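Biologist: Thanks for making time for this one. Could you walk me through the model?

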Amino acid sequence: MPFTPLHMGPALVIKAAGGRHFSVLVFGIAQVAMDIEPLVGIIRGWDVLHGWSHTYLGATLIGIAVF
């Protein structure tokens, strides 16, 4: 996963503020799921790494799927 670990810092801040209304585990799984597309792109040498999974619609669908 290219940059997923960088997202966990802000997630911990949100968890502190959101309490039981925010799951760091679900957030982490969603980040890994989103980064599968860029990982495949890196391996295959695609010109565009951040496609549909990094749009509002794609991220929402992935978030719903992992929840």
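Biologist: How many helices and strands does the protein have?

Modeller: Keep in mind that this is a predicted model. Read along the sequence, the pattern is α-α-α-α. The count for the protein is therefore four helices and zero strands.

Biologist: What share of the residues is buried?

Modeller: The C-alpha trace spans about 40 × 20 × 15 Å along its principal axes. The protein exposes about 4,900 Å², with carbon and sulfur atoms supplying 73% of that area. Of the 67 residues, the buried share is 21%.

Biologist: And what part of the contacts joins residues 24 or more positions apart?

Modeller: Here the reference set is the contacts with a separation of 6 or more. Within that set, residues 24 or more positions apart account for 38%.

Biologist: Are helices α2 and α3 roughly parallel or roughly antiparallel?

Modeller: Helix α2 covers residues 24-34 and helix α3 covers residues 36-44, with their axes 4 Å apart. They pack at an angle of about 30 degrees. Angles under 35 degrees count as roughly parallel. That makes the arrangement of α2 and α3 roughly parallel.

Biologist: Which class of residue has five members in the contact of α2 with α3?

Modeller: From α2 the contact takes V32, A33 and M34, and from α3 it takes I36, E37 and P38. By class, one of the residues is charged and no residue is polar. The class with five members is nonpolar.

Biologist: Within what arc do the buried residues of α2 fall?

Modeller: The buried residues in α2 are G28, A30, Q31 and M34. Seen down the axis of α2, they line one face of the helix, because they fall within an arc of 160 degrees.

Biologist: What arc do the buried residues of α3 cover?

Modeller: In α3 the buried residues are E37, P38 and G41. They sit on the same side of α3, because around the axis they cover an arc of only 95 degrees.

Biologist: Which helix is included in what covers the buried residues of α3?

Modeller: E37, P38 and G41 are the buried residues in question. What covers them includes α2.

Biologist: Where does the chain take a positive phi just after α3?

Modeller: The place to look is just after the end of α3. There a phi of about 75 degrees is found at G45.

Biologist: Is E37 buried or exposed?

Modeller: E37 has its place in helix α3. Not counting residues up to four places away in sequence, E37 touches W46, L49, H50, G51, W52, S53 and H54. Its relative accessibility is 15%, and the cut-off for a buried residue is under 20%. E37 therefore counts as buried.

Biologist: How far is the C-alpha atom of E37 from that of G58?

Modeller: Along the chain, E37 and G58 are 21 residues apart.

Biologist: What is the relative accessible area of I62?

Modeller: I62 lies in helix α4, residues 56-66. Leaving aside neighbours within four places in sequence, I62 is in contact with A30, A33, M34, W52 and S53. I62 is buried, and its relative accessible area is 11%.

Biologist: Last one: what separates the C-alpha atoms of I62 and Q31?

Modeller: Q31 is one of the buried residues in α2, while I62 belongs to α4. The two are 31 residues apart along the chain, and their C-alpha atoms are separated by 9.0 Å.

Technical notes
Residues are numbered from 1 along each chain as its sequence is written. This is a predicted model: local features need pLDDT of at least 70, side-chain atom pairs count only at pLDDT 80 or more; totals for chains, interfaces and linings use all residues. Side-chain values use heavy atoms; hydrogens and water are left out. Axes are lines fitted to C-alpha atoms, for helices over the stretch in contact, and angles run from 0 to 180 degrees between N-to-C directions. Helices (H or I, at least four residues) and strands (E, at least two) are DSSP runs, numbered from the N terminus. Angles under 35 degrees count as roughly parallel, over 145 as roughly antiparallel, 65 to 115 as roughly perpendicular and the rest as oblique. Contact means heavy atoms within 4.5 Å. Ala, Val, Leu, Ile, Met, Phe, Trp, Tyr, Cys and Pro count as nonpolar, Asp, Glu, Lys and Arg as charged, and the others, Gly among them, as polar. Buried means under 20% relative accessible area, exposed over 50%, partly exposed in between (1.4 Å probe, protein chains only). The arc is that of the directions from the helix axis to the C-beta atoms. Accessible areas come from the Shrake-Rupley method with a 1.4 Å probe; for residues, only the protein chains shown count as cover.
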